[in-house]
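Hi,

Here is the structure I promised to pass on. Have a look at it first, and then read my notes below.

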Amino acid sequence: MRVHCRVVVVAVCFGVFLLLYFLGGNGGDEPPLREVEEEKDEQFPSSPQRVKISPGKESRGDPPQQVRPNRKEARIASREGNVSPKLRLKSVQGRSGSKVTRPEDMMHLAVVACGNRLEETLTMVKSALLFSIKKIKFHIFAEEDLTELFEKALSQWPRPLSSKFQYSLYPITFSVGNAEEWKRLFKPCAAQRLFLPVILKDVDSLLYVDTDVLFLRPMDDIWKFLKAFNSTQLAAMAPEHEIPKIGWYSRFARHPFYGVTGVNSGVMLMNLSRIRSTLFKNSMIASGLSWEDLLHPLYQKYKNHITWGDQDLLNIIFHYNPECLYTFPCQWNYRPDHCMYGSNCKGAEEEGVSILHGNRGVYHDDKQPAFKVVYDAIHDYPFGENLFQSLFYPLQTKFLDTVNTLCGRIPQVFLKQIEKTMKTVFEQKVIRHARPPNRQRR
């Protein structure tokens with residue numbers, strides 16, 4: 001009888017132990033998707049904060065300075081003294097106690113928008129966010145009447161997307177020379193890009209793009225070119241043309257330019273720290289000049305000989321300093337010139353377009369419908385919808401109407417890379433959400 005009672009007691013205890021173990025194990029298991037969402041909620045507040053940039057350089061490996069909200073106007077130091085333009089900064093910052101993004105985990109992208117470029121700029125930003133992996137800090141330089149429109153539009157983007165980026169809005173400013181003259185150089189405000197190393201003193205590296213640029217693959221991929229720079233290179237651009245006999249610079253330029261065909265500045269990767277610390281050779285002073293000291297005298301010397309404004313000045317600078325420039329392939333700055341005179345970008349034919357540059361206004365007319373179809377597909381894509389069903393399939397269907405045009409006759413040039421990119425994004429989401437649940441809580 002006693003043995004029977006002991007057996008019953010042991011069995012009951014063992015059963016209770018198993019029940020507790022089962023309940024404890026299941027309590028520690030949560031669906032991976034819910035776990036990811038909770039991490040996002042801890043790292044990002046529901047709405048952007050107005051902040052003031054702290055002084056000091058964001059060097060790689062150093063943690064970012066903590067920033068406190070400040071509604072006062074920031075003051076910017078220039079060579080003409082202290083001025084106080086209405087510098088509006090909007091950033092999505094982590095809550096105190098949450099994980100902080102390290103500088104090397106953040107990519108920086110700059111764009112300059114004036115006139116009627118609001119929708120075009122927002123579509124560019126959208127394309128960058130759809131596929132990129134690392135978080136992006138956007139530096140948006142805009143006229144005052146566009147600032148509030150940017151703030152309103154970006155604040156309305158859904159939370160999953162807004163958690164992937166920060167942004168700052170800056171007024172159009174020029175530290176040397178006549179501001180109105182700089183502003184009228186070529187297209188409105190385009191010369192602002194020349195002053196990015198001077199204004200963004202806290203940024204180490206940066207990708208500048210024109211408003212009419214679309215990313216068809218992660219921005220992370222072009223960001224990797226920074227690691228390909230040698231010890232003297234401080235910027236990267238693509239050639240203006242692939243064939244010298246039909247290139248603009250090789251036929252018409254009345255000033256020095258880089259290489260055989262010149263370079264196009266619509267997509268420009270920069271190591272700003274190196275630019276700020278370099279003395280550039282030139283035809284005016286034998287000892288060399290810093291970037292900021294070089295800009296105005298260079299413009300004064302060549303202003304009657306340049307056609308494409310700031311791009312021509314960049315070509316002149318790198319003509320005298322070719323060791324400072326890295327050139328990336330044409331598929332990273334694919335323009336109508338690469339197809340309207342016959343296909344002449346072999347990299348795009350083999351790998352597909354990585355970055356589409358719709359200059360000549362081709363997104364908004366019917367001269368090159370292949371470019372317009374891509375722009376419209378990204379512009380009209382509803383956030384959160386399936387990328388294949390709501391972006392790629394409509395793009396593929398509409399592209400069939402362009403196959404008889406000059407740029408649409410080789411569809412894989414436009415479709416190959418974006419299809420590959422979306423497959424990669426889909427696979428990453430499937431693998432991420434299908435990972436085994438984490439049984440250990442910290």
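To start with a spot you can find by eye: in which loop is Arg360 found? Arg360 is in the loop between β13 (355–357) and α14, where helices (H or I, at least four residues) and strands (E, at least two) are DSSP runs numbered from the N terminus. Its phi is near 65 degrees, a positive value in a residue other than glycine. Arg360 counts as partly exposed because its relative accessible area is 46%; buried means under 20%, exposed over 50%, and partly exposed in between (1.4 Å probe, protein chains only).

Before you go further, note that this is a predicted model, in which local features need pLDDT of at least 70 and side-chain atom pairs count only at pLDDT 80 or more, while totals for chains, interfaces and linings use all residues. Residues are numbered from 1 along each chain as its sequence is written, and side-chain values use heavy atoms, with hydrogens and water left out.

Now the overall picture. The chain has 16 helices and 13 strands, and buried residues make up 49% of its 442 residues. Taking contacts (heavy atoms within 4.5 Å) between residues at least 6 apart in sequence, 74% join residues at least 24 apart.

Next, the inside. A nonpolar core here is a set of buried Ala, Val, Leu, Ile, Met, Phe, Trp, Tyr and Cys residues joined through side-chain atoms within 4.5 Å. The largest one has 44 residues, and Trp182, Met270, Leu313 and Phe318 have the most contacts inside it. Among the elements that give two or more residues to this core are β10 (235–239), β11 (263–271), α11 (291–302) and α12 (310–320). Its largest share, six residues, comes from α11. Another core, of 41 residues, lies apart from it and includes Leu109, Leu122, Tyr167 and Val213.

Helix α12 deserves a look of its own. It is mostly covered, with nine of its 11 residues buried, including Asp310, Leu313 and Phe318. The buried residues of α12 pack against α6 (179–183), β10, α9 (248–252), β11, α11 and β12 (325–327). Leaving aside neighbours within four places in sequence, Phe318 is in contact with Leu234, Ala235, Met237, Tyr258, Met268, Cys324 and Leu325.

Leu185 sits in the loop between α6 and α7 (196–199), and counts as buried because its relative accessibility is 8%. Not counting residues up to four places away in sequence, Leu185 touches Ala190, Ala191, Tyr299, Ile306, Gly309, Asp310 and Leu313. The C-alpha atoms of Leu185 and Ile306 are separated by 9.8 Å, although the two are 121 residues apart along the chain.

Finally, a helix pair. The axes of α3 (residues 118–131) and α14 (residues 369–380) come within 9 Å and cross at roughly 75 degrees; axes are lines fitted to C-alpha atoms, for helices over the stretch in contact, with angles from 0 to 180 degrees between N-to-C directions. That makes α3 roughly perpendicular to α14, a label for angles of 65 to 115 degrees. The contact is made by Glu119, Glu120, Thr123, Lys126, Ser127 and Leu130 of α3 and Tyr375, Ile378, His379 and Asp380 of α14.

Cheers

Methods: Parallel < 35°, antiparallel > 145°, perpendicular 65-115°, else oblique.
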